[in-house]
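Visitor: I'd like to learn how to read a model like this one. Can we go through it together, feature by feature?

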Amino acid sequence: MQCGEIILLVPVFLFLQLVKYEDKLVIYLAELKDLEERLTIMQSSPDDYIKLDFELLRIELREFEALVSQLKNSLNSSSSLFDSLYIEIRNMTFIVNQLETYDKSNLEVIRYQFAKLQKKLEECQIDQDIIKPDVGNCNHTGILSIGNPLVVQLNAHLNSGYLYGGWGRDSKPIRGNENMHFYGAYSSPEMVYDFYFYSNYENLILRKAIKQYTLPNDWRGTGNNYIVHSNAIYYQHDSPFSMTKLNVTSSEYEYRVISAASQSFSYAYSSNQNLDFAADETGLWVLYASTQNMGKIVIAKIDEKSFGIEAVWPTGMYKQSAGNAFMVCGVMYATRSVDISTEEIFYAYDTKTKQERNLSITFKKFQDKYTNLDYNPIDQKLYMYNNGYYVSYNVKFNKE
């Protein structure tokens, strides 16, 4: 249920953004897990929403108020941005507390307030010198660290069973669609069949899609490692096994067979992820494994005009040992699980120098497994589809 979902996600979002205070707040996380289970039941029966015990809801909201107060004291910051963030959280709590009937217009107001809160938090991070994006440039020596996860919300289907999918924004937007976002998710990794497009981040939050593309049977895909680049969707086609491009403007389809690519190797977290599309400051890529390279990842640069492969780099990374991989400034980074709440970037291959190296850059996960992880050069963020939830990360680079 949408109302319940908002109540749940705001404190989870705060918890994850302020993990350094987790010792004080661990009891809240346990309580929120219990709330999540009850709300999942509500989501499956939207017609029962009006039967909700609002007195119980108000009690839980008062507990949320206490959490917010504790967070404000823990911050111990003089930043006016943190103060305004606290005020906006209190305002949104007040709005939720007024919901005595199922009112869709009120729910849209809440979602919009939530989007504002996330933007405000990013402003706070910048104000505190946590992140300093240098978009479009590669004047660094690689990734230094990954920020805390920003949990946006449950997927647009409001269905926790849609575990396989992806979300993000166009990595090379055309004029007029500079803020285009997309989403697609499914209950199985074996089928990719529709995509939703949003004019901006706020409409993604509000679930107001401007376009929906349902792929014809002959053009349906598989796996979940697709991206949107220059107003086109790049995804894996199953029959014939190939990389496929859907031009969003013209609705025209193209495919190219990569003869060396194998369907026998996927990432550790999900099957059918044989072709992994990526974009960075230097262009468009596809990652795959081949029998010639003994199941190890091959990096291929895509010629965007001809939709062909212009160059390849065989790596020493066995694909099935990686959870996922992405490209940044011509460097491939591979990830793996450390434990149920921690992921690690443990390997990198530089296409410029043809050198590989081992790394240990850890970052937090909202949930254990994920099926899509992509870097976007437009805002220098990682976009993750984490067991049905939209999650993003700020990336910090080493300038030395």
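Visitor: Which residues have the most contacts inside the largest nonpolar core?

Guide: A word on the source before that: this is a predicted model, where local features need pLDDT of at least 70, side-chain atom pairs count only at pLDDT 80 or more, and totals for chains, interfaces and linings use all residues. Residues are numbered from 1 along each chain as its sequence is written, and side-chain values use heavy atoms, with hydrogens and water left out. Now the general idea: in soluble globular proteins, nonpolar side chains tend to be buried together. A nonpolar core here is a set of buried Ala, Val, Leu, Ile, Met, Phe, Trp, Tyr and Cys residues joined through side-chain atoms within 4.5 Å. Buried means under 20% relative accessible area, exposed means over 50%, and partly exposed lies in between (1.4 Å probe, protein chains only). In this model the largest core has 26 residues, and I143, I146, F326, V328, Y333, I345 and L382 have the most contacts inside it. Strand β21 (residues 389-397) gives the most to this core, with five residues. There is also a second, separate core of 17 residues, with Y234, Y288, V298 and F307 among them.

Visitor: Which residues is I345 in contact with?

Guide: Contact means heavy atoms within 4.5 Å. Leaving aside neighbours within four places in sequence, I345 touches I143, I146, F326, Y333, A334, T335, L359, S360, I361 and F363.

Visitor: On to strands. What is the order of the strands in the sheet that holds β17?

Guide: Strands of a sheet pair through backbone hydrogen bonds, either parallel or antiparallel. Strands are DSSP runs (E, at least two residues), numbered from the N terminus, and two of them pair if DSSP finds at least two bridges between them. Here the order is β15-β16-β17-β18, an open sheet with antiparallel pairing. β15 (324-328) and β18 (355-364) are the edge strands, each pairing on one side only. Between β17 (residues 342-350) and β18 there are eight bridges, and Y349 stands opposite E356 in β18.

Visitor: Is β11 mostly covered or open?

Guide: Covered: five of the five residues in β11 (residues 276-280) are buried. D276, A278 and D280 point one way, while F277 and A279 point the other way. β11 forms a hairpin with β12, with two residues between them, and the bridge partner of D276 in β12 is L287.

Visitor: How many salt bridges does the structure hold?

Guide: A salt bridge is a side-chain nitrogen of Lys or Arg within 4 Å of a carboxyl oxygen of Asp or Glu. The structure holds six. In one of them, E344 joins R336, with the closest N and O atoms 2.9 Å apart; E344 is buried at 9% relative accessible area, whereas R336 is partly exposed at 36%. In another, D368 joins K365 at 3.4 Å between the closest N and O atoms. K365 is buried at 4%, and D368 is partly exposed at 29%. Salt bridges that share partners link E343, K365 and D368 into one network.

Conventions:
Helix = DSSP H or I, 4+ residues; strand = E, 2+ residues; numbered from the N terminus.
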